[in-house]
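Here are my notes for you, written as numbered points. Keep the structure open while you read, and find each residue as it comes up.

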Amino acid sequence: MGYTRRPQLHSGQAMTQASPTSAPQEIDLLINAGWILPIVPANTLLEHCALAIHGGRIIALVPQQEAAKRFEPRQTIHLSNHLLMPGLVNAHGHAAMSLLRGFADDQPLHTWLNDYIWPAEGRWVSEDFVKDGTELAIAEMIRSGTTCFADMYFYPEQAAQACAEAHIRAQLAFPILDFPTAWGIGPDEYLHKGLGLHDNLRGSSLLHVAFGPHAPYTVSDAPLQKIAVLSQEMDMPVHIHLHETAQEVAESLDKFGCRPSQRLMDLGLLSPLTQCVHMTQVDEQDIGLLQQSGASVIHCPESNLKLASGFCPVESLLKADINVALGTDGAASNNDLDLFSELRSAALLAKAVAGDAAALNAHAALRMATLNGARALGLDEKIGSLEPGKSADVIAIDMGDLELQPLYNPVSQLVYTHVGQRVSHAWVAGKALLADRQLQTLNERELLGKAKWWRKQIANR
């Protein structure tokens, strides 16, 4: 790989696209790649093309010969053995729980939560825990191709600070529960703090805030109704665990006389702003409600498999025109934040659940991890595909390794081989977060030191 640097642009210079016969247009960055997967148009893979970036946005995607005539880049990066694509969107996780990776493995969900995770969080969760754990998670996600993630955890103010320092894009859902936690005493305090964070981040181009009611079984009707009204008034997303286990559905039927999805619909909480996480227990009624409401589903296959929670019927949801995105969940229940690994699991599991080897093909799986994720988060006008005018949230994957050869179909290799550790570069809004596998906005040595310190503290107690 080679780099070519040119003089800085003059301040205030207008961004205009030059025709092939006019003087070259000065731009910030030109990336020449062996392949480019734009996601839009669908089922398209381009060879020997270049991505032109200026002012943090994509301004052109053209053949390399044309790019050489049209643009005068300040920096040129040559990636002849690499594939460029949109950065992945991890649509559900609990970033700070990376500090509890492997802490309570091989337990069913309710035992895992009640006997291990919630007691550990009660003892250890603090501002420092969230800041350090979120930084560790961000580093792992960047190094495996994620440039935008949705988080739901305590002390979202600290998560926001970690995201801003790392220059990563994120949706921060502040938790709302009926009972006290380290971050507050109940729904009113959670809402007050979360809406305050929303106001503080109004000016951010990379961070936005969502309501995060934990689940129907931990939040009562009155707070859910209040969230439904505020969400519509403020055009603000709602991120909620829903239909995660058969036990959850059975308890809702016993207590409320309806399935959780119907309860949320009756309370006004299901809408195009709603992100329904997990949905492993789905029947025709649920599919109808999702269609009617326009809500998105966030599929977390590896966490669901590990906790034996069930199987999300992805192919049935997609055939019903329901938007399905991908998430890793937290590292405490996965145990990694590699969305390419999640892609592979999702594609394989979808085939088994549908009984159809053609279900969720490679292009469809990649769309779930990019444009569908952006759509679920309300960001599809900004990210999720490599189109002129969109933010330059881009990753590069080295396709030259022995384990990927012979390379008949690069798109298939992205999904069915392990490429997360082959992500070489990442940019968010044109800013480099990863270059030649080296983190650019985070200090790896410091992160390792903090992770070891937390392990020692928690293990000793």
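1. Start with Glu-165 and Lys-131, which form a salt bridge with their closest N and O atoms 3.4 Å apart. The term stands for a side-chain nitrogen of Lys or Arg within 4 Å of a carboxyl oxygen of Asp or Glu. Glu-165 sits in helix α4 (residues 156-166) and Lys-131 in helix α3 (residues 127-143), so the bridge ties together parts that are 34 residues apart in sequence. Helices here are DSSP runs of H or I with at least four residues, strands are runs of E with at least two, and both are numbered from the N terminus.

2. A word on where this comes from: the model is predicted, so local features need pLDDT of at least 70 and side-chain atom pairs count only at pLDDT 80 or more, while totals for chains, interfaces and linings use all residues. Residues are numbered from 1 along each chain as its sequence is written, and side-chain values use heavy atoms, leaving out hydrogens and water.

3. Are the two partners buried or exposed? Glu-165 is partly exposed at 43% relative accessibility, whereas Lys-131 is buried at 13%. The cut-offs are under 20% relative accessible area for buried, over 50% for exposed, and partly exposed in between (1.4 Å probe, protein chains only).

4. Now look at Asp-283 and Arg-259, whose side chains meet in a salt bridge at 3.3 Å, N to O. This pair also links distant parts of the chain, 24 residues apart: Asp-283 is in the loop between β11 (274-278) and α9 (284-293), and Arg-259 is in the loop between α7 (246-256) and α8 (260-266). Asp-283 is partly exposed at 27%, but Arg-259 is buried at 14%. Elsewhere, salt bridges that share partners join Lys-131, Asp-132, Glu-135, Glu-165 and Lys-450 into one network.

5. Lys-193 is partly exposed at 29%, and so is Glu-189 at 26%.

6. Which residues of α5 are buried? They are Pro-187, Tyr-190, Leu-191, Gly-194, Leu-197 and His-198. These cover an arc of only 130° around the axis, which puts them on the same side of α5; the arc is taken from the directions from the helix axis to the C-beta atoms. On the other side of α5, Asp-188, His-192 and Asn-200 are exposed. Among the elements covering the buried residues are α4, β8 (169-176), β9 (207-213) and α6 (221-234), with contact meaning heavy atoms within 4.5 Å.

7. Follow the chain back to β8. Eight of its eight residues are buried, so β8 is largely enclosed by the rest of the structure. On one side are Arg-169, Gln-171, Ala-173 and Pro-175, and on the other Ala-170, Leu-172, Phe-174 and Ile-176. In a regular strand, side chains alternate between the two faces of the sheet.

8. Finally, check the neighbours of β8. Strand β7 (residues 146-152) pairs with β8 in the parallel sense over five bridges, and β8 runs parallel to β9 with seven bridges; pairing requires at least two DSSP bridges between two strands. Gln-171 is the bridge partner of Ala-150 and stands opposite His-208 in β9.
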